[in-house]
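Some labels in a structure description rest on a cut-off or a count.

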Amino acid sequence: MRDELLAYCLAKPGARQDEPWEGDVVAKVGDKIFAFLGSGTAIGLKCGADRTEADELVRIHPGDVTASAYIGRYGWNSITVGGSVPLDEIFELIDASYDAVVAKLPRSKRPTAPDVSRKR
């Protein structure tokens with residue numbers, strides 16, 4: 001499943017794989033991370049502008065969604081893959097995380113290719 005999620009992330013315009021810490025794979029757009037894929041069974045994604053927004057997902061999926069260590073206060077959550085969050089919703093969360101990160105990039109660094117969001 002991790003490979004499928006990574007492939008989905010890397011299919012986004014301007015996305016690339018990086019390993020800023022040994023064994024911790026991330027997906028970046030520009031120089032910013034939009035998905036932490038690590039080496040475990042969770043994916044880290046931007047799930048809101050701040051902790052208050054991101055906590056909505058935590059309330060819906062207690063135990064399978066938690067605030068990300070260190071960056072949780074900025075709206076990042078860790079989502080257990082294969083838990084109570086449906087796979088389609090994880091793909092939607094990847095789309096939202098990517099879009100949120102791209103929106104913060106300077107215009108000159110934003111990808112120009114069309115969106116390749118998962119067809120539902």
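The questions and answers that follow concern a predicted model.

Q: Why is H61 called buried?
A: Buried means under 20% relative accessible area. H61 has 8% relative accessibility, so H61 counts as buried.

Q: Where is H61, and which residues does H61 touch?
A: H61 is in the loop between helix 2 and strand 5. Leaving out residues up to four places away in sequence, H61 touches S84, V85, P86 and E89.

Q: Which residues of helix 2 are buried?
A: In helix 2 (residues 51–60), the buried residues are R51, A54 and L57.

Q: How do you know that they are on the same side of helix 2?
A: Around the axis, they cover an arc of only 115°, which puts them on the same side of helix 2. In general, an α-helix has 3.6 residues a turn, so residues three or four places apart point the same way.

Q: What do the buried residues of helix 2 pack against, and which exposed residues are on the face turned away?
A: The buried residues pack against strand 5 (65–67), strand 6 (76–80) and helix 3 (87–104). The face turned away from the buried side of helix 2 carries T52 and R59, which are exposed.

Q: What makes D50 a cap of helix 2?
A: A side-chain oxygen of D50 lies 3.2 Å from the backbone nitrogen of T52. The cut-off for a polar contact is 3.5 Å, so this pair of atoms falls within it. D50 caps the N-terminal end of helix 2.

Q: How do you know that strand 2 and strand 3 pair?
A: Pairing needs at least two bridges. Four bridges join strand 2 (residues 24–29) to strand 3 (residues 32–36), so the two strands pair. They run antiparallel. K28 has I33 in strand 3 as its bridge partner.

Q: What makes strand 1 and strand 5 edge strands?
A: The open sheet has six strands in the order 1-2-3-4-6-5, with antiparallel pairing. Strand 1 (15–21) and strand 5 each pair on one side only, and they are the edge strands. From one strand to the next, the twist averages 35°.

Q: Which residues touch the most other members of the largest nonpolar core?
A: This core has 27 residues, and those that touch the most other members are F34, A35, L37, I43, L45, I79 and I94. Helix 3 gives the most to this core, with seven residues. L45 touches residues including F34, A35, I79 and I94.

Notes
Residues numbered from 1 in each chain as written. Predicted model: local features only at pLDDT ≥ 70, side-chain atom pairs only at ≥ 80, totals over all residues. Heavy atoms only, no water. Buried < 20%, exposed > 50% of the residue type's maximum accessible area, 1.4 Å probe, protein only. Arc of directions from axis to C-beta. Contact = heavy atoms within 4.5 Å. Polar contact = N/O pair within 3.5 Å; in protein donor to acceptor, adjacent residues only side chain to side chain. Axes fitted to C-alpha atoms, helices over the stretch in contact; angles between N-to-C directions. Core = buried A, V, L, I, M, F, W, Y, C linked by side-chain atoms within 4.5 Å.
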